Amino acid sequence: NQTHMCRTYPAASRIDSSNYMPILPWSVGCQLVSLNFQTNDTALLLNDGRFRENGGCGYVLKPPSLLELQSPTNEPPKPMKLSIRVLSGSCLPKPKDKRGDKCIDPYVRVSVFDVKNGVKEEATTYQTG
């Protein structure tokens, strides 16, 4: 994917318009990752978030590791620290087990998607509260 264009798309055997997770094709440098936009699922939300990275202009540059013509290294990835600040919240629903209480105890759920060992996609969810 450093010298040629690559396109991925959902398998033709998918008759229910479902989507595949686009993280693996993105991580190996595929330029065109096709999704079914009629299915509003996690893959489509990831696609939306991916292209908001660059102001919603329609493309995201490849990382330097995919642009340089060099042999891949087997170095483990460096740990990364993420900080998330919640700016506001409105119309927060009460949890199902707290329907009778007058006051709610809001929480934040964050999911981080990654590709482990270049093969398996994994989602980690953290929840406050």
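This is a predicted model: local features need pLDDT of at least 70, side-chain atom pairs count only at pLDDT 80 or more; totals for chains, interfaces and linings use all residues.
Colleague: What pattern does the protein follow along the sequence?

Modeller: Helices (H or I, at least four residues) and strands (E, at least two) are DSSP runs, numbered from the N terminus. Here there are three helices and four strands. Residues are numbered from 1 along each chain as its sequence is written, and side-chain values use heavy atoms, with hydrogens and water left out. Reading along the sequence, you get β-α-β-α-α-β-β.

Colleague: How many of the protein's residues, as a percentage, count as buried?

Modeller: Buried means under 20% relative accessible area, exposed means over 50%, and partly exposed is in between (1.4 Å probe, protein chains only). Out of 129 residues in the protein, the buried share is 16%.

Colleague: What kind of aromatic pair do W26 and F51 make?

Modeller: A search of the whole structure turns up one aromatic pair. Rings of Phe, Tyr and Trp (its six-membered ring) pair if their centres lie within 6.5 Å; planes under 30 degrees apart count as stacked, over 60 as edge-to-face and the rest as tilted. For W26 and F51 the centres are 6.5 Å apart and the planes at 80°, so the pair is edge-to-face.

Colleague: Where do the two partners sit, and how many residues apart are they?

Modeller: W26 belongs to helix α1 (residues 23–27), while F51 is in helix α2. The pair thus links distant parts of the chain, and the separation is 25 residues.

Colleague: Which residue lies over the face of W26?

Modeller: A charge sits over a ring if NZ of Lys or CZ of Arg is within 6 Å of the ring centre and within 35 degrees of the ring normal. The residue over the face of W26 is 5.1 Å from the ring centre, and its name is R50.

Colleague: How far apart are the C-alpha atoms of G58 and D48?

Modeller: G58 sits in the loop between α2 and α3 (64–67). With a relative accessible area of 53%, G58 is exposed. G58 and D48 are ten residues apart along the chain, and their C-alpha atoms are separated by 9.9 Å.

Colleague: What about D16 and T39: how far apart are they in space?

Modeller: D16 is in the loop between β1 and α1. D16 is exposed too, at a relative accessible area of 54%. In sequence, D16 and T39 are 23 residues apart, and C-alpha to C-alpha the distance in space is 9.1 Å.
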